[in-house]
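Have a look at the fold, then go through the notes below.

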Amino acid sequence: MSQEDPRAKGLIVGVCVVGFHHTRGPEVEYWIDETGKDQSARWANLPFQSLPDGSHSHEEDYSYFTLFYEPDEAETEKGERPTTYFGISCNRQIRTTELLYKSADVTRSTVQKSVVVVARKPIFGPIREKLAVVTRAYFLQGNFEDRTIINNLYENLVQLFQNGIGEVDLYNGMTLRELVYRFRWRTLVLFKALILEPRILFFGSNTELLCSSQFSLVSLIPGLIEHLEDSASPTLDSYEYTLKKSTSLRSSDRDSLLAFMGLPLQVFGKGGMFNPYTPLQQLEALTGEDTKFYLIGSTNSLLLSQKHKFADIIVNVDLNTVEILNPEFEAPLHLTSYDRKWIDSISHAVSETWPDEDTGRLGSVGFAGSEDYIRWQFEDYLMALLSSVKYDGYLTKYCGPPPPEALLPEIDGNPAVDFNLDWIEKWKSTNNFRIFQQFTDEELFDVVEPRHLSSGGISLEDVQRKVALQMQNFAPARDAIAKTFTTGSQKVSNAWGSFWAEIENMREKERLRREAQRQSQSGQASSSTAASQNNEKPSPSSAGSPSSQTSESSSTTSAGSSSKRTQHITLSSDPSYLSSWSRWALDKRRQALGNRKVSSSSRKSSPSPESSQEQQEPSSGFSKPVSGGSITPPGPAEDPKLTKAAAADNNMESSSEDDDEDDADNYVPLSSQEINPWKG
């Protein structure tokens with residue numbers, strides 16, 4: 001569609017350069033237009049809109065904004081009316097060391113400026129391409145006083161649009177696909193919210209993405225991007241006075257169909273305002289009595305700290321979230337199952353054709369998923385919605401159920417239910433609904449079928465598409481869970497490794513301590529035994545006498561027993577101490593058993609005195625202990641078992657401390673029959 005503008009020759013209002021002064025802040029440094037006069041004084045906020053907050057953190061950034069144009073008396077006499085102008089700026093910065101010429105005002109290490117184009121229509125796409133090239137060249141020349149390239153830009157743009165503009169020029173540069181890809185089903189929530197005329201605040205750190213997202217949302221309403229003349233101020237309402245009710249319809253003409261359906265919906269009429277980038281200097285206009293609703297954008301987090309004061313709905317472009325602050329809009333903006341099914345199909349088509357993050361390749365290139373596809377889908381949806389609202393009003397005219405002949409045979413029930421009745425009731429209280437009702441026919445449903453685009457049941461393909469979308473939504477959470485689990489597993493594994501390493505270290509230290517203690521105690525026992533033997537060594541003169549030998553034997557036995565007792569007492573904390581006491585108890589047990597056997601035999605046989613004297617010695621079972629306290633079982637030599645036991649005892653006494661510990665664990669006591677010397 002080609003649209004001729006009555007002021008097409010003056011479509012480009014002017015081009016200017018805005019710089020940041022170290023004491024005065026942003027200010028217009030140069031202006032060029034067809035009149036040769038500086039008109040920048042008309043817009044006090046233009047310097048702040050062209051140099052957004054936070055733009056110094058980007059090498060290059062763009063800003064889109066609206067300007068309220070109010071003609072003076074001379075212009076009013078010529079037929080000029082208040083309207084909206086549109087500005088686009090490209091801002092960059094450069095180090096002062098790279099400049100070839102520095103003026104006296106340059107006092108900082110960097111210089112920040114922007115080149116601004118002001119137009120009567122939002123033709124940002126074609127302008128942005130040329131503006132980017134000119135701004136880079138302007139900075140590269142290193143001399144901001146030479147503005148020849150700025151003059152050439154203005155002349156080139158005037159010549160480019162002297163023959164008018166077309167629909168492609170208005171939609172060029174929109175990021176509609178990115179809007180749907182980022183917000184998915186929330187795109188429909190924003191679309192329906194825009195029609196309800198709330199206070200919507202877009203927030204983000206990237207100014208260009210912030211502004212282009214709002215223009216993409218506005219472009220979803222058919223024809224609205226071409227009729228934004230009342231969007232810069234809440235006092236503008238000229239569009240309504242130019243409307244006429246359509247009385248004819250040419251079904252083959254899209255413009256005729258849109259006009260008959262009451263499109264575009266004027267969501268920025270009296271009381272409303274649209275400014276993609278709003279500086280803090282314009283906050284006073286947001287809280288004025290004339291401002292009732294708006295769509296604005298900001299990069300300043302100050303507005304988020306007072307979000308309930310400035311917004312009913314906040315859209316965070318950085319986080320891709322939509323937050324409904326005003327409870328009045330919660331129920332109306334709830335999507336029905338048919339709404340969700342419809343927007344999910346569009347989101348799926350965009351995702352399938354979105355470039356892969358790793359390879360950068362498109363999934364499949366075609367009409368489905370393109371910007372034209374998205375825009376036409378929303379156009380069909382809005383027409384079906386308007387037709388269903390008209391049909392709902394037609395049904396409510398009857399006090400009871402309408403007669404069968406008044407109903408559409410192909411429509412079952414009230415199709416407005418599929419679009420959310422709460423939303424319809426809320427829409428009926430808006431200014432754009434009033435205009436829609438005033439300039440449209442009551443029976444639009446005869447032209448466009450009043451049916452939701454997703455009505456007609458759920459197919460297998462719908463289920464598969466929904467599952468695929470759910471898996472896509474779950475993918476980030478799944479990756480986060482897997483990452484957290486891996487990190488946690490590593491931490492737990494490291495903790496257990498450190499714990500067991502400390503345990504093993506403690507065990508090794510304890511083993512070394514015990515070994516050192518055992519060696520120390522063994523050395524002390526050996527020293528004590530050697531000293532005792534040296535002290536008890538007999539003289540050479542008495543070595544051959546029997547008494548000396550007996551005394552030596554008794555002394556040796558006594559010393560050995562004494563040293564062993566001393567060693568056992570000293571090593572009471574060692575397990576060999578218990579082993580020595582076990583042997584002593586066993587000796588006592590043998591003595592007691594021997595006494596009982598001998599006493600029993602004596603009572604039975606009554607031997608003669610001689611025989612009694614011969615048996616007196618074995619009747620006791622054991623010899624008397626020597627002075628050292630050691631008990632030595634003599635046992636009859638002819639009994640091999642008793643001899644074996646005595647040999648075992650001698651071996652046990654002469655063994656080392658470690659052998660005593662092992663014998664104590666493996667020793668098996670002899671039975672009473674094995675130690676009885678008289679059993680034959």
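Let's start with a helix pair: helix 7 (residues 186-195) packs against helix 15 (residues 371-395) at about 50°, and the axes are 13 Å apart. That makes helix 7 oblique to helix 15, where angles under 35 degrees count as roughly parallel, over 145 as roughly antiparallel, 65 to 115 as roughly perpendicular and the rest as oblique. Keep in mind that this is a predicted model, in which local features need pLDDT of at least 70 and side-chain atom pairs count only at pLDDT 80 or more, while totals for chains, interfaces and linings use all residues. Numbering runs from 1 along each chain as its sequence is written, and side-chain values use heavy atoms, leaving out hydrogens and water.

**Helix 7 on helix 15**
- The crossing of helix 7 past helix 15 is right-handed, meaning that the near helix is turned clockwise from the far one by less than a right angle.
- On the helix 7 side, the contact (heavy atoms within 4.5 Å) uses Thr-187, Leu-188, Phe-191, Lys-192 and Ile-195, and helix 15 brings Phe-378, Tyr-381 and Leu-382.
- Sorted by class, that contact has six nonpolar residues, one polar and one charged; here Ala, Val, Leu, Ile, Met, Phe, Trp, Tyr, Cys and Pro are nonpolar, Asp, Glu, Lys and Arg are charged, and the others, Gly among them, are polar.
- Axes are lines fitted to C-alpha atoms, for helices over the stretch in contact, and angles run from 0 to 180 degrees between N-to-C directions.

**Helix 6 on helix 15**
- Helix 15 also meets helix 6: their axes come within 8 Å and cross at roughly 70°.
- Helix 6 and helix 15 are therefore roughly perpendicular.
- Leu-176, Arg-177 and Val-180 of helix 6 touch Glu-371, Ile-374 and Arg-375 of helix 15, a contact with three nonpolar, no polar and three charged residues.

**Loops on either side of helix 7**
- Arg-184 sits in the loop between helix 6 (176-183) and helix 7, and its phi is near 50°, positive although the residue isn't glycine.
- Arg-184 is buried at 18% relative accessible area; buried means under 20%, exposed over 50% and partly exposed in between (1.4 Å probe, protein chains only).
- Glu-197 is in the loop between helix 7 and strand 8 (199-203), has a positive phi near 60° and is buried too, with a relative accessible area of 11%.

**Helix 3**
- Buried residues of helix 3 include Phe-124, Pro-126, Leu-131, Val-134, Tyr-138 and Phe-139.
- After helix 3 comes Gly-142, with a positive phi near 75°.

- Ser-114, in strand 6 (residues 110-119), counts as buried at 0% relative accessibility.
- Leaving aside residues up to four places away in sequence, Ser-114 touches several others, including Cys-16, Val-18, Ser-50, Ser-89 and Asn-91.
- The peptide bond between Leu-263 and Pro-264 is cis, with omega about 5°, and Pro-264 lies in the loop between helix 10 (254-260) and strand 9 (272-275).

**Whole protein**
- The protein has 23 helices and twelve strands, which are DSSP runs (H or I, at least four residues, for helices; E, at least two, for strands) numbered from the N terminus.
- Of the 680 residues, 44% are buried.
- Among contacts between residues at least 6 apart in sequence, 73% join residues at least 24 apart.
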